[in-house]
Every structure is written in structure tokens, then in C-alpha cells.
Amino acid sequence: MKPESMCLIFNPVSGQGDPEQDLALIKSILEPAIALDVQMTTPDISAATLAKKAVGLGATALIASGGDGTLSAVAEALIGKNIPLGIISRGTANGFANALGLPTAIAPACESILAGHTRIVDAAICNGLPMLLLAGIGFEAETVKHAGREAKNWLGVLAYVAAGIEQLGKMQQFDAEIETEDKIITVTAAALTIANAAPPTSILAQGVAGVIFDDGLLDLTIVATQSKTTAIAASFELLTSALSGEAVNHPDIGYLRAKSFKIKTNPPQRVVLDGEIIGHTPIEIKCIPDGLVIFVPQTEPKQLEEKLEGLPNLTITLKDNPHSNLT
């Protein structure tokens, strides 16, 4: 059942469209059916601030309209609460909507919210910040850093592709210590991606071939390529994995799944969280099972295994669980 009223948190600087036209379309669909309280973000008032205020005033449902960063900021106020979140994506990549199979056009997104069907999904916390999608260390973070706002306005999601191609020639490896609840891993890598949810276009998260967003676990993909040529080959393998639904089988790619990760790197690496640069390693990420209620269609989960052997300079130390399995 849909609530009788909703608070819409609208980011006018997201995406490439006309924000006034977008908002007018949203209101034309939603306002005849529900009481809509529109709150606009500004340079001084963040989506997180507006969401916390709305929850404090007793909001029974929120709608976030913007990019993945806006969605993540609004979700922070809702994690662990039984308050549903509607999503009207207007960003560059719209990764969260694509990962959950939500419509990315405004009109069908509004109609989906009005239908009132909800699903409980996982969320995560990374260094005290909300994470709906993924955290990227190394190559992915550098790609996001170099995909500037002007490029995204002109090229859309292709801005990330262009930045990624540019970064291939500058890719550098780093040493990483990865701690989970039952093991400690040291490895040399070029990119680490920890995902709660990820669309197929988030190639560096695809080692497990289909991140499950309601299983209480996070999915880590390790890319350990040493050159531009091997990076291209590994990226193609990850793309094939995403399209085929089969876990990747490449000597420079590993993956594992856990409830939480603590990651240190030498030297420190930039970290991108749900599309926004948040600083440098180290990071701590913990899954919040069933942490968020979302207006979203249902998908079927899949069970996945781990694959680590063969990565360069890899060591694994089991902690208090001697029966932990690696494949």
C-alpha cells in the first residue's frame, strides 16, 4: 500500500536534463494521487540533511530524485527504519536503479512508486557513510575522479568510459591487506571493488557475475593486472561475465564474499563510494542486512562462491574459522 503523502527530495543539478521540466513531470504524475512535499537540495542544504529532517518530522515515505550520490545520501536517514524509499533516477549512470531493475525514465519510475509494491534490500556502511552500490579502490576511483562534471554533462555515462581508457595507461598496482570475519588476505592489485549492488555496467564489480542485493553479504572483486594489455583482457572477461551471468575465470581476477571488509593499502589509494570520491584508504565496510525498504520489483537471488587462487603475491590467513572454503 502506498502512503497518502511523500516527501520528494529533488537534486536540480543531477544528470543532463532540464530540472524544471523534470520536476514538472514528476509533480504532474504524483500530485493527483498523493500529497507531495517537494524539498530541493542547494549548495548549502544536502540531500542527507533534508532526508533527516523529513524523517524527524514523521515522514512515512521518501522519494529521492537525482544521481546515485543523491540516492545514497537520502538512504542514510532510512537505513534500519521501516520507511520506504522511492527512486526517480536522473543521474549520469543511474547504477542503483539499473542494478535493481527499476525504470530509469521519469514517468514509469513515478508509476512504479504509485503502485506501492516494496522490497527489503541490504545496505552497507563504509567509513561511517551509507553505501547502496559499491566502493572502488584504485583504478575505478581514479576513473571517477577524472570524469569531471563538464564531461558528464556533455557525454553522460560515456564520460566514465573515456576517463577509464585514459587511466588504463596510468594504472598502478598496490599492496592490499583485506580482512573479513574469518580470514586475512594480502594481495597485489590494481583495483578492488566492494559491492552491495551493482549493474552489469559496473564492470569491475563483476567477478562474481551478478551481485545479490538482499543476501546479507558484500561482494569483493580483485583485479590484479600488471599492464594495459592485461587490463583490457581482464576488463573484457569481466564484461563477458556480466553479460553471461557466469563467474569470471581469469588468472588476474579474484573474488570473495563476506559480511564485512577492512582494507588497508600501501601506498594509500583513493576511494570512490556510490559515485563520489570520499578520500583514501584504509576503509571499513559492513553490510546491513535488510537495511532498506525500497519501491522495487522483485528479482531472484543466486548463490555464488569464492575464487582467489592464482592472484599474484596472494597469502591467506584463516582467523577463527578453520572450515572456511576457497574455490
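My entries go from ground rules to the core, then to the helices and strands.

**Ground rules.** This is a predicted model, so I keep in mind that local features need pLDDT of at least 70 and side-chain atom pairs count only at pLDDT 80 or more, while totals for chains, interfaces and linings use all residues. Residues are numbered from 1 along each chain as its sequence is written, and side-chain values use heavy atoms, with hydrogens and water left out.

**Core.** I looked for nonpolar cores, meaning sets of buried Ala, Val, Leu, Ile, Met, Phe, Trp, Tyr and Cys residues joined through side-chain atoms within 4.5 Å. Buried is under 20% relative accessible area, exposed is over 50%, and partly exposed is in between (1.4 Å probe, protein chains only). The largest core has 40 residues, and L62, L85, F96, L100 and L292 have the most contacts inside it. Elements giving it two or more residues include β1 (5-10), α2 (47-56), α3 (68-76) and β16 (283-294); helices (H or I, at least four residues) and strands (E, at least two) are DSSP runs, numbered from the N terminus. The largest share, six residues, comes from α2.

I then checked L292. Leaving out residues up to four places away in sequence, L292 touches A75, L78, I79, L85, R119, I120, V121 and L132 (contact means heavy atoms within 4.5 Å). Another core, of 27 residues, lies apart from the largest one and has M131, A224, A258 and I283 among its members.

**Helix pair.** How do α2 and α3 pack? I get an angle of about 30 degrees, with the axes 7 Å apart. Axes are lines fitted to C-alpha atoms, for helices over the stretch in contact, and angles run from 0 to 180 degrees between N-to-C directions. Where they meet, A47, A48, A51 and K52 of α2 face T70, A73, V74 and E76 of α3. α3 is mostly covered, with seven of its nine residues buried; T70, A73 and V74 are among them.

**Strands.** β1 and β2 (residues 35-40) run parallel and are joined by six bridges; strands pair if DSSP finds at least two bridges between them. S5 has A35 as its bridge partner in β2.

**L129.** Buried or exposed, or in between? L129 counts as partly exposed because its relative accessibility is 35%. I found L129 in strand β6 (residues 129-131). Not counting residues up to four places away in sequence, L129 touches A124, L273 and I278. I285 is 156 residues from L129 along the chain, yet their C-alpha atoms are separated by 9.2 Å.
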